[in-house]
Amino acid sequence: MDSAAARARASADGHSSTAPAYTEFHPRWYRPRISTYWWLGRWPYVKFILRELSSVAVAWTVAFTLFQLWSLSQGEVAYSTFTRRASSPIMIALNVIAFGFLLLHSITWFNLAPKAMAVRVSGKRLPAILISGPQFLAWFAISAIVLWIYMVRT
Amino acid sequence: MEAKKSHEPIFWTLFSAGGVVAALLLPVHLFIFGMAVPLHWIHGPAYNLLLSLAQMPIARLYLFVMCSLPLFHFAHRFRYTLYDGLQIKHLNEVVFASCYGIAVLGTVAAGWLLWRI
């Protein structure tokens, strides 16, 4: 945080260590080729790519839901076909993996919010837990309510 | 030099809104219908009850938001995963069209299904 501010100030003053001084002739770019698998080998990078790939699980879950809604609209026979297909080992395995990625998305998303929003109260920045905490609570509450609605109606 | 006007804020807002919706609503839905019911942890709602539930106006709106916005979240995030992570930069236009094409098609499908259900 402080070092980033210091770097920003340094580059604004023109004393940055990375930006070259102005030359009339453009320097040749030095851009070494980075491996496609640059993110393998260091856990924070792997975690970053896994977090980004959680979007595939998001799309999958929506597709699953659309398929369910379509079956629901087609009548009772079609819906029982849907539940039978959803009970196949492959579908259960896919959904368990997708659920893991959805949890990764939710947790990283709520924890990211305090970093994206700097809420200040009387000049002081609110602690991260006061921003992410209510979102986790809302998540638990909504999940419990949805679960309750389905449980009550069985 | 004149700054180029960008549509990025629109896509980023959809990404952000979709991220919130996906984080709050999707896990419990997949947990119930993808895991808990197929594995017999809980009994699934009977067909007629589930249908009458999905036909409530508030439920239609809920399901539409739950399906549409997360797809735009996916479109943005997956596009940049391919771009930065896997360095598929030469197919940028194709990737962009595919990702947002999926999001628009999914939104239309959700609207159509929920209208007719």
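How many residues does the contact take from chain A and from chain B? It takes 45 residues from chain A and 47 residues from chain B, where two residues are in contact if their C-beta atoms, placed from the backbone, lie within 7 Å.

This is a predicted model, in which local features need pLDDT of at least 70 and side-chain atom pairs count only at pLDDT 80 or more, while totals for chains, interfaces and linings use all residues. Residues are numbered from 1 along each chain as its sequence is written, and chains are lettered from A and ligands numbered from 1 in the order in which they are written.

**Stop 1: chain A**

Helices (H or I, at least four residues) and strands (E, at least two) are DSSP runs, numbered from the N terminus. Of the 154 residues of chain A, 16% count as buried. A residue is buried if 20 or more other C-beta atoms lie within 10 Å of its own, exposed if 12 or fewer, and partly exposed in between, with C-beta atoms placed from the backbone. Among the contacts of chain A between residues at least 6 apart in sequence, 39% join residues at least 24 apart.

The average for chain A is 85, and 82% of the residues score at least 70. Then select residues 7-16 of chain A, where pLDDT stays under 50. For this stretch the model has 4 contacts beyond four places in sequence.

**Stop 2: helix 4 of chain A**

Select residues 89-116 of chain A, which are helix 4. This helix has 28 residues and reaches 40 Å from its first C-alpha to its last. That is close to the expected 40 Å, the expected span being 1.5 Å times one less than the number of residues. Show the side chains of the buried residues of helix 4, among them A:Phe101, A:Leu102, A:Trp109 and A:Phe110. Which elements do the buried residues of this helix pack against? They pack against helix 2 and helix 5 of chain A, and also against helix 1 of chain B.

**Stop 3: a loop in chain A**

Move to A:Ser122, in the loop between strand 1 (120-121) and strand 2 (124-125) of chain A. Its phi is near 45 degrees, a positive value in a residue other than glycine. Is A:Ser122 buried or exposed? A:Ser122 is exposed, because 4 other C-beta atoms lie within 10 Å.

**Stop 4: the side of chain A that touches chain B**

Select helix 2 (43-73), helix 3 (76-86), helix 4 (89-116) and helix 5 (128-152) of chain A; these elements each give two or more residues to the side that touches chain B. Helix 2 gives the most, with 17 residues. Colour this side by residue type and it divides into 29 nonpolar, 13 polar and 3 charged residues. Here Ala, Val, Leu, Ile, Met, Phe, Trp, Tyr, Cys and Pro count as nonpolar, Asp, Glu, Lys and Arg as charged, and the others, Gly among them, as polar.

**Stop 5: chain B**

Now select chain B, which has 4 helices and 0 strands. Of its 117 residues, 33% count as buried. The C-alpha atoms of chain B fill a box of roughly 60 × 30 × 20 Å, taken along the principal axes. Of the contacts in chain B with a separation of 6 or more, 77% are between residues 24 or more positions apart.

Go to B:His40, in the loop between helix 1 (8-36) and helix 2 (47-54) of chain B. B:His40 has a positive phi of about 60 degrees although it is not a glycine. It counts as exposed because it has 9 C-beta neighbours inside 10 Å.

Then find B:Ser98 in helix 4 (residues 92-116) of chain B. B:Ser98 is partly exposed, with 15 other C-beta atoms within 10 Å. Draw a distance from its C-alpha to that of B:Ala75, 23 residues apart along the chain: the separation is 8.4 Å.

**Stop 6: the largest nonpolar core**

Show both chains again. In soluble globular proteins, nonpolar side chains tend to be buried together. A nonpolar core is a set of buried Ala, Val, Leu, Ile, Met, Phe, Trp, Tyr and Cys residues joined through C-beta atoms within 7 Å. The largest one has 39 residues, and A:Val58, B:Leu26, B:Leu30, B:Leu71, B:Phe74 and B:Ala75 touch the most other members. Helix 2 and helix 4 of chain A, with helix 1, helix 3 (57-85) and helix 4 of chain B, each supply at least two residues of this core. Its largest share, 10 residues, comes from helix 1 of chain B.

Finish at B:Phe74. Leaving aside neighbours within four places in sequence, B:Phe74 is in contact with A:Ser55, A:Val58, A:Ala59 and B:Ala103.

Technical notes
pLDDT is the predictor's confidence in each residue, from 0 to 100.
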